[in-house]
Amino acid sequence: MNFKIIDQKALAVATRFKKNEVELLEVIIKVDRFKVYRKLGYNSLFQYVVQRLKLSEAQAYGFINVVRKSHQVPKLRESIKNGRLSVSKARRITSVLTS
């Protein structure tokens with residue numbers, strides 16, 4: 001296989017990954033806001049994300065931290081949505097980020 005073809009595929013997959021990560025964050029925000037997890041019988045958002053969405057515990061903690069911090073600091077969510085900040089980077093700064 002030609003290295004350029006592999007490179008183009010890698011770029012395309014990475015782009016989809018970033019887009020899907022943002023979409024997942026947005027839907028977890030809604031699940032949290034509307035307490036969807038409770039309506040489905042889960043005791044917590046964490047339990048829902050791990051058991052229902054099948055994310056690892058580390059991924060669940062990361063997304064939930066970003067979700068909760070984005071409620072406190074709306075610019076965090078805005079920066080993620082417009083691509084200035086990745087969800088991965090947002091996870092790393094949530095503990096020190098303030099409005």
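Contact is taken here to mean heavy atoms within 4.5 Å. The structure is a predicted model, in which local features need pLDDT of at least 70 and side-chain atom pairs count only at pLDDT 80 or more, while totals for chains, interfaces and linings use all residues. Residues are numbered from 1 along each chain as its sequence is written, and side-chain values use heavy atoms, with hydrogens and water left out.

The protein chain contains six helices and zero strands, where helices (H or I, at least four residues) and strands (E, at least two) are DSSP runs numbered from the N terminus. Along its principal axes, the C-alpha trace spans about 50 × 30 × 20 Å. Of the contacts between residues at least 6 apart in sequence, 48% join residues at least 24 apart.

Buried residues make up 30% of the 99 residues in the chain, buried meaning under 20% relative accessible area (1.4 Å probe, protein chains only). The largest nonpolar core has 22 residues, such a core being a set of buried Ala, Val, Leu, Ile, Met, Phe, Trp, Tyr and Cys residues joined through side-chain atoms within 4.5 Å. Those with the most contacts inside this core are Leu-25, Leu-45, Tyr-48, Val-49, Leu-76 and Ile-80, and the elements that give two or more residues to the core are helix H1 (3-33), helix H3 (45-52), helix H4 (57-72), helix H5 (74-81) and helix H6 (87-93). When residues up to four places away in sequence are not counted, Ile-80 touches Val-22, Leu-25, Val-66, Leu-85, Ser-86, Val-87 and Ala-90.

How values were computed:
Buried < 20%, exposed > 50% of the residue type's maximum accessible area, 1.4 Å probe, protein only.
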